[in-house]
Structures are given as structure tokens and as C-alpha cells.
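Keep the viewer open as you read.

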Amino acid sequence: MAQNRSGQTVTLRVARGIDARMSPRTGLSVFKDQAKLSFDYVPEKMPHREAQMQRVQALFRPLVEAGTPSTAFLFGPVGTGKTHLSRRFAADLAKTALEAGKAVEHVIVNCRQRMGDDAVLLGILKKFDERFPDRGFSIPEKLQTLRGQLERRKVHLIVILDEVDALLKKSGSQLVYTFTRWGEESGRSTVSLILISQKTDILDRMDAAARSTFRRTNAIEFPRYNRQELWDIAKIRADLAFHPATVPEEVINLVADIAEEYGDARYAIELLQYAGLLADEESGEEVGAEHVRGAKATIHPVQVEERLKELDMTRKLVLLAIARKAKKKAYLTTGEAEEAYKIVCEEFGEKKRGHTQFWKYLKDLDALGLIDAKLSGEGVVGKTTIISVPEMPAKILAQRLEASLHNGPGKK
Ligand SMILES: Nc1ncnc2c1ncn2[C@@H]1O[C@H](COP(=O)(O)OP(=O)(O)O)[C@@H](O)[C@H]1O
Ligand SMILES: [Mg+2]
């Protein structure tokens with residue numbers, strides 16, 4: 001599976017069994033530059049995100065002017081431009097800073113893919129030294145190496161921790177804290193921090209010490225896009241990626257209508273791309289409403305799909321058990337979940353794993369954001385962990401998992 005720089009998995013074309021190289025026989029294609037629709041492409045300008053961009057720029061003004069490190073926290077649902085805005089911002093800032101004679105670099109780490117502070121640090125170090133070994137260095141040694149790197153290069157580093165809730169869940173806030181205090185310890189080199197999360201409660205997940213630098217004033221909200229905003233985003237992208245007059249306005253209208261429910265720009269762009277691929281399969285002359293409908297039937301808005309693919313058989317079974325239960329109940333206890341898991345194992349002829357293992361799987365699914373596990377309030381039997389399925393209707397989740405499990409063990 002290919003992965004782009006921001007760590008998202010690029011499966012669209014492969015997963016749909018369409019390979020662009022094999023598409024139109026005649027060489028006719030609606031696409032002028034399909035790369036403009038890929039997850040790798042970070043738009044120069046992001047319409048309808050001017051306010052957010054200005055907020056981040058304002059927060060980082062002290063960095064440009066006086067070299068003072070800064071922090072920002074970007075939050076909002078999937079597909080609202082958080083990752084791309086942070087990349088665009090950091091790249092533009094590096095340019096401005098360079099003109100002012102200051103060296104600023106940035107590194108973005110997706111904390112869902114690099115699980116835990118050790119892995120996150122490794123991701124950062126690989127930016128400066130691709131051959132930095134995966135194993136053999138402790139966290140303090142890695143931090144020391146990073147300090148050395150930054151001092152040698154005399155750069156200010158902006159560390160962007162994307163999907164940071166996964167890191168906080170797995171490792172706590174120690175690493176975030178270390179970065180916010182970077183200059184105090186090493187004196188010379190400095191680090192700024194941008195945290196990104198879909199969830200708003202990450203500040204509550206931090207220790208008081210880490211939280212104190214992350215005041216709520218540093219938080220910038222990314223709301224879902226409305227229909228008009230999605231329309232504009234789709235239209236601009238279509239003009240960049242398709243030949244003139246191959247995407248009629250009704251196609252943009254339809255894309256905006258469909259994506260509006262989720263307010264998700266990525267979904268809108270994927271719909272466009274897939275509709276284009278379908279048009280190419282047919283004649284390569286024009287994208288039509290029917291192609292958009294075809295695209296809608298195939299692709300699904302939420303990243304859940306991609307995360308499901310990464311699960312092994314056992315974790316799929318655990319999630320299926322939870323999804324089935326969650327159809328009828330908003331919150332389950334771990335006891336109920338484990339009971340349901342037992343039944344699912346019997347159904348699929350799989351060996352049930354022990355309690356401790358089960359607990360670990362819950363933790364993993366929680367860190368992946370596929371379930372939400374939290375401690376309930378004090379009850380008769382004391383605190384217990386309760387589980388819910390946050391992102392997708394449990395029924396759809398269960399169907400997806402069943403389909404993938406019936407494809408045979410280990411099938412992705
Ligand atoms: N305002 C915008 N203008 C143009 N493209 C956008 C805008 N917001 C999001 N996108 C595009 O939508 C996709 C999803 O954005 P992304 O930054 O990955 O969202 P998030 O990180 O919030 O899930 C990317 O391809 C991005 O380029
Ligand atoms: Mg993102």
C-alpha cells in the first residue's frame with residue numbers, strides 16, 4: 001500500500017481495481033493533471049480557510065520576528081483542511097523566515113501511523129537522517145541526537161504532530177511537554193509545536209504541566225465545510241485537474257451536494273477523481289452526473305475504511321463484536337464486549353484470546369480511533385471502562401467488517 005508524505009494511505013485507485021495506466025485505450029482522458037487530485041498535492045491557496053491561516057500566522061509571528069517558539073492546536077473533523085493547512089503554513093513560513101535570514105524547518109508526523117513517543121521521535125529524526133536506525137536508541141538518546149542535529153544546523157524546528165490524540169492515548173503527554181520546554185533545557189536550539197486532532201478533548205488528556213503552555217487561546221477550530229464552500233473547493237480543483245469543458249457545472253453541484261452531509265473536502269475531491277476515472281473508462285470525453293453517482297456508490301467518506309484495512313483478523317473480530325453490540329446500545333462495558341467477542345470467535349471458528357490480550361486489542365482500537373474507550377463515573381462496582389463506536393454507524397461498520405472477514409482470514 002502506498003503512503004504519501006502526510007502519512008495517509010493512498011488506496012483509491014488500486015482498491016477500486018482501476019489503474020490509471022490502463023485506462024483509456026484511445027488515450028483520451030478527461031484529466032489534464034490528475035496529480036492535482038492526489039493526497040500529496042498541497043494547494044497553494046486554501047479558500048475558506050483564510051481566517052484559520054491568519055490565526056496560525058499571528059500565533060507564530062513572535063517566531064519570525066524574534067525567534068521565540070510558539071504553539072498552536074488545530075482541531076476539527078476529518079477533511080476540513082487541518083493537515084494541509086499546517087503543511088502549507090509551515091512551508092510558507094520557512095520561506096519568509098529565510099528571507100529574514102532565519103532558518104526554519106518543519107517535520108510532520110502522523111501519530112496514528114507512528115504509534116507512541118519512541119516511534120514519533122524516530123519519525124522526526126529520520127527527517128534529518130534517513131538512515132537513523134529503527135532500533136538501538138533509547139528515548140533520551142534520541143532526544144539528545146535531535147538536539148545535536150538542530151544545533152549543528154542552527155535551525156528552528158516546527159514539529160507538527162498530526163492525529164496527536166493517538167500519541168497522547170498511547171504514551172501520555174511527556175513528549176509534548178518536552179517539546180514545549182525544549183529551549184529551556186538546551187538553551188540554544190528551539191522547537192515550536194503544532195498539534196492536530198479531530199477531538200477537542202486532547203487538552204484534557206495532557207498533564208497540567210504540558211497543558212499550561214497549550215492555553216485554549218492557541219486552539220484554532222476547523223469547522224465542517226458547507227455546501228457552497230465545498231462547491232468552491234471542488235470547482236477550483238476540477239479546473240486544475242481536468243481538461244477544460246470536461247466537468248460540467250452540474251457535476252460540481254452534485255459533488256457538493258453529496259459531500260455536504262459530511263462537510264469533508266477530501267470526500268469531495270475523491271468523488272471528483274473517481275468520477276473522472278469512470279468517465280475515462282467509458283469514453284474519456286466528459287464527466288457526467290452518472291459517474292459521480294458511481295463514485296458515490298464506491299467510496300466512503302470517512303477514513304475508517306482505511307483504518308479497517310490495517311487491522312489483522314483478531315482485531316477485526318474484536319471490532320465486529322463491539323459494532324454488533326453497539327447497534328443496540330450506545331455504550332458497552334468491557335464485559336459485554338468480551339462476551340460478544342466470544343460469540344464472534346465461535347461464529348468465525350477462531351480461537352478466543354485471553355482477557356489480557358483482549359484488553360490490549362481494545363487499547364489498540366481505541367488508539368486508532370475506531371472505538372472510544374473511557375472510564376465511566378463511579379458506579380456500584382467502581383469505575384469501569386465503557387466503549388462506544390464514534391465515527392460510523394455501527395451497522396455499516398459491522399457490515400464492512402463482515403464483508404472483509406468473509407473474504408477469508410488475513411484478507412485486506
Ligand atoms: N480549503 C481548502 N481548499 C482546497 N483544498 C482543501 C481545503 N480544505 C481541504 N482541502 C483538501 O481536502 C483534502 C483533505 O484535507 P486535509 O488537510 O487532509 O484534512 P484534515 O487533515 O482536516 O482531515 C486535502 O486534499 C486538502 O488539500
Ligand atoms: Mg489530517
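Start with the side chains of D280 and S29, which are joined by a polar contact of 2.7 Å. A polar contact here is a pair of N or O atoms within 3.5 Å; within protein, one must be able to donate a hydrogen and the other to accept it, and residues adjacent in sequence count only if both atoms are side-chain atoms. D280 sits in helix α14, and its relative accessibility of 2% is why it counts as buried. The cut-offs are under 20% relative accessible area for buried, over 50% for exposed, and partly exposed in between, with a 1.4 Å probe and protein chains only.

A word on the ground rules: this is a predicted model, in which local features need pLDDT of at least 70 and side-chain atom pairs count only at pLDDT 80 or more, while totals for chains, interfaces and linings use all residues. Residues are numbered from 1 along each chain as its sequence is written, chains are lettered from A and ligands numbered from 1 in the order in which they are written, and side-chain values use heavy atoms, with hydrogens and water left out.

Now step back to the whole chain. It has 20 helices and 10 strands, taken as DSSP runs (helices H or I, at least four residues; strands E, at least two) and numbered from the N terminus. Of its 412 residues, 53% are buried. Among contacts (heavy atoms within 4.5 Å) between residues at least 6 apart in sequence, 73% join residues at least 24 apart.

On the nitrogen side, an N or O atom in the side chain of Y225 is 2.6 Å from a nitrogen atom of ligand 1. The protein covers 97% of the 550 Å² of accessible area that ligand 1 has on its own, by the Shrake-Rupley method with a 1.4 Å probe.

Next, visit P223, in the loop between β7 (219-221) and α12. Leaving aside neighbours within four places in sequence, P223 is in contact with R49, Q52 and T80. P223 and R49 are 174 residues apart along the chain, yet their C-alpha atoms are separated by 9.8 Å.

In strand β6 (residues 190-197) you will find T190, whose side chain makes a polar contact of 2.5 Å with that of H156. T190 is buried, with a relative accessible area of 17%.

E163, not a glycine, has a positive phi of about 50 degrees, and with 9% relative accessibility it counts as buried. A245, also a residue other than glycine, has a positive phi near 65 degrees, but A245 is exposed, with a relative accessible area of 72%.
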